[in-house]
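Visitor: Please take a close look at one part of this model, the stretches that a database record annotates, and then show what lies around them.

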Amino acid sequence: MSQNAGTDKIAGDIIGNVVVGGATTVGATLLTAAVLPAAAPVLAVGAVGLGVSVGLTYLAEGIKLDMDLDGDGKDDSVKDVVKHGAKKAWSTVAGWFK
């Protein structure tokens, strides 16, 4: 991140990372619970959960959409789109208090 990045960008990145991380965690938990029986060994649940979490993270960061919201000349990932939306929302709410 740039040393002179604006507070809106920093806040958007933080909020976006939390939202994507939370969604990945919840998704991995639900998918793991749906795949494994309740009596599965703890290590098996952990291994499957880790694998599903890595897969969902890959999807969030690896799938590129045909848009460039941040103006860097590259297609944005799902995570980039969420971060851009969080930045816009943060700027809007912060503008209410100026």
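**The annotated spans and their surroundings**

Guide: An unreviewed UniProt entry lists residues 12-36 and 42-60 under "transmembrane region"; UniProt positions are given in the numbering used here, feature names are shortened, and annotations may be inferred rather than shown by experiment. The model is predicted, so local features need pLDDT of at least 70 and side-chain atom pairs count only at pLDDT 80 or more, while totals for chains, interfaces and linings use all residues. Residues are numbered from 1 along each chain as its sequence is written, and side-chain values use heavy atoms, with hydrogens and water left out.

Residues 12-36 are 96% helix and 0% strand, with end C-alpha atoms 36 Å apart. Residues 42-60 are 100% helix and 0% strand, and their end C-alpha atoms lie 27 Å apart. Helices are DSSP runs of H or I with at least four residues, strands are runs of E with at least two, and both are numbered from the N terminus.

I63 sits in the loop between helix 2 (42-62) and helix 3 (78-96). Because its relative accessibility is 38%, I63 counts as partly exposed, a class between buried (under 20% relative accessible area) and exposed (over 50%), with a 1.4 Å probe and protein chains only.
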